[in-house]
Amino acid sequence: MTAHALEAAGLTLAYDKRVISTDLSVHVPAGSFTAIIGPNACGKSTLLRALSRLLAPRAGTVLLDGRDIAERGAKELARELGLLPQTSLAPDGIRVADLVARGRFPHQRVFDRWSPDDEAAVLRAMSATDVLDLSGRLVDELSGGQRQRVWVAMALAQETATLLLDEPTTFLDIAHQIEVLELFRRINLEDGRTLVAVLHDLNQAARYASHIIAMKDGRVVAAGAPTDVITPEVVQDVFSVPCRVIEDPEAHTPLVIPLVRR
Amino acid sequence: MSVDLGRPVAVWRPRPRTSLRVDRRAVAVGLVLLAIVCVLAVVSLAYGTYQLSLGEVVGALTGNGDRRAHTLVVEWRLPRLLFAIGCGIALALAGSIFQSLTRNPLGSPDVIGLDAGSYAGAVIVTLVIGSTAYTDIALGSLVGGLLTAALVYVLAYRRGAQGFRLIIVGIAVAAMLSSFNAYVMMREDPQTAMIVAAWGAGSLASLGYSQLVPFSIALVALLPLAALLARPLAQLELGDDAARSQGVHAERVRLGATILGVAFASLVSAAAGPIAFVALVAPQIAHRLARTAGPSPVVSALTGAALLVSADVVAQHLAVATGLVTVTLGGLYFIWLLIREYRRS
């Protein structure tokens with residue numbers, strides 16, 4: 001896959017009358033694993049919705065590979081830009097393979113049926129997420145971690161060069177968090193996909209992402225490599241948490257240690 | 001290597017680049033339902049006040065029967081049978097569309113007030129405007145259904161119309177419309193009111209070819225639209241965000257599907273009056289029989305046809321309106337659903 005950069009310039013984002021961001025500009029480097037961090041309600045998810053065209057900006061543009069996403073056909077864009085929403089709903093009685101196959105929608109025309117390309121993409125997505133063994137199971141019967149892997153598989157089956165992930169690790173225990181983050185790293189490095197994920201855990205962001213965007217009150221406070229963004233000053237500014245930042249002895253990435261408050 | 005779907009699937013490759021995956025269970029269920037419809041069709045053509053033998057029925061259908069058999073089978077019983085099949089298909093598709101849209105097994109046009117709206121439209125056309133022409137009533141019931149759908153949608157709207165709100169609002173609107181219908185009928189002279197009330201019970205008895213022709217044309221015209229919307233609609237069941245990020249025009253599909261669902265339901269209301277519960281039950285039965293993900297349109301349509309033809313056979317036998325039989329069946333279904341939910345929790 002050829003990796004694409006994602007560029008937002010001068011965005012004004014609002015829900016009805018509530019303005020979340022004004023003149024927001026972000027740059028997602030091609031082929032990066034970009035993490036968006038920031039406190040609750042800072043506009044992270046809103047930004048992700050704008051990047052994925054779920055939310056039309058009041059002003060400004062989002063460019064994917066230099067082309068305005070607002071001017072692209074819906075299905076055409078969906079072949080290049082995918083999203084794993086925070087919550088998705090599994091249709092009643094659907095089985096794993098059928099759900100993953102739903103990710104092929106943008107590649108199929110109205111009366112097209114199943115092609116070998118579809119089959120191959122679904123197989124690749126399911127083996128990457130290690131859900132092949134579950135393929136005949138009912139999605140309703142799966143554990144939280146398994147289910148999240150199935151949703152990721154559906155997003156992967158869409159075979160987009162750019163994939164946006166809205167809080168993909170929320171509701172997962174630590175083992176499953178690591179599992180999906182390792183998976184994202186793999187598809188970022190091996191498939192060369194550009195990934196953008198909203199993450200809550202700073203240390204996980206620092207360990208897995210290659211590029212971090214820190215947000216507060218709808219603005220970008222800092223952006224760049226983890227070592228440049230995850231600093232005591234930025235963490236204090238963004239989260240109001242006094243901390244030390246040391247080197248993670250395992251991954252040699254920044255590790256945030258909040259100070260003991262007395 | 002191919003993906004295990006947890007159920008038998010037959011793959012048919014008409015061309016090297018395309019293959020059709022057919023769920024064997026769904027096909028088997030479909031064929032059984034088709035056989036049931038055929039058997040019931042013969043039964044409904046043969047039985048009645050004057051009973052005919054199988055040979056006489058076949059003779060009449062192929063044009064070799066005597067005059068009496070021809071009149072009974074071709075002129076009287078066949079249009080009613082074809083109406084039962086067509087209405088069954090239309091209702092099942094309407095139910096399947098609305099259950100898919102609301103993501104709720106209760107989200108069917110009769111529950112969310114569309115039947116009451118169609119009925120109100122027909123009542124206004126018949127009693128207030130004073131026309132009993134089929135096309136006028138059909139148009140009135142279509143407009144009534146659409147206006148009700150719009151009203152329910154607007155009342156339930158809060159950042160997108162959510163399934164459960166839609167159902168609750170729909171039930172409320174249905175109740176209000178029923179009292180409106182009762183009010184309009186009370187003002188009329190008893191004879192006219194009786195005609196409308198009989199129509200309101202949902203009956204296939206008085207229908208002939210003059211209604212069957214426009215009904216069939218409209219039904220056949222709507223079917224390709226249903227096929228066109230089936231996949232985006234199924235995709236919408238994943239939630240708006242997921243569907244939209246896969247290139248589904250969510251609001252456009254929802255609007256199109258709503259209009260289509262209302263059209264299917266109104267088509268039936270206009271011809272036969274409101275026939276309740278087929279739309280509610282058929283997609284759910286189909287879903288359980290075929291074990292497909294969500295309501296499957298084709299199996300639902302066949303289930304609807306089988307249900308309504310059997311209800312009509314019973315109705316004919318007991319000499320009551322078809323709608324009364326389906327309401328009874330629907331009541332039993334609700335009891336079963338409640339017991340099942342009770343056991344679950």
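Tutor: Let's settle one term before we start: two strands count as paired if DSSP finds at least two bridges between them. Keep in mind, too, that this is a predicted model. With that, the sheet in chain A is an open one of six strands, running in the order β6-β7-β8-β3-β9-β10, with mixed pairing. At its edges sit β6 (81-84) and β10 (219-224) of chain A, each of which pairs on one side only. Going from one strand to the next, the twist averages 15°.

Strand β9 (residues 211-216) of chain A runs antiparallel to β10(A), and five bridges join the two.

Stepping back for context, chain A splits into domain 1 (1-80 + 161-262) and domain 2 (87-159). Their centres, taken over C-alpha atoms, are 25 Å apart. Where the two touch, domain 1 of chain A puts in 11 residues and domain 2 of chain A puts in 12. On the domain 1 side, α2 (74-78) and α6 (174-190) of chain A each supply at least two residues, and the largest share, five residues, comes from α6(A). By class, that side of domain 1 of chain A has seven nonpolar, one polar and three charged residues.

Conventions. Residues are numbered from 1 along each chain as its sequence is written. Chains are lettered from A and ligands numbered from 1 in the order in which they are written. This is a predicted model: local features need pLDDT of at least 70, side-chain atom pairs count only at pLDDT 80 or more; totals for chains, interfaces and linings use all residues. Domain bounds come from an automatic or database domain assignment. Two residues are in contact if their C-beta atoms, placed from the backbone, lie within 7 Å. Helices (H or I, at least four residues) and strands (E, at least two) are DSSP runs, numbered from the N terminus. Ala, Val, Leu, Ile, Met, Phe, Trp, Tyr, Cys and Pro count as nonpolar, Asp, Glu, Lys and Arg as charged, and the others, Gly among them, as polar. Axes are lines fitted to C-alpha atoms, for helices over the stretch in contact, and angles run from 0 to 180 degrees between N-to-C directions.
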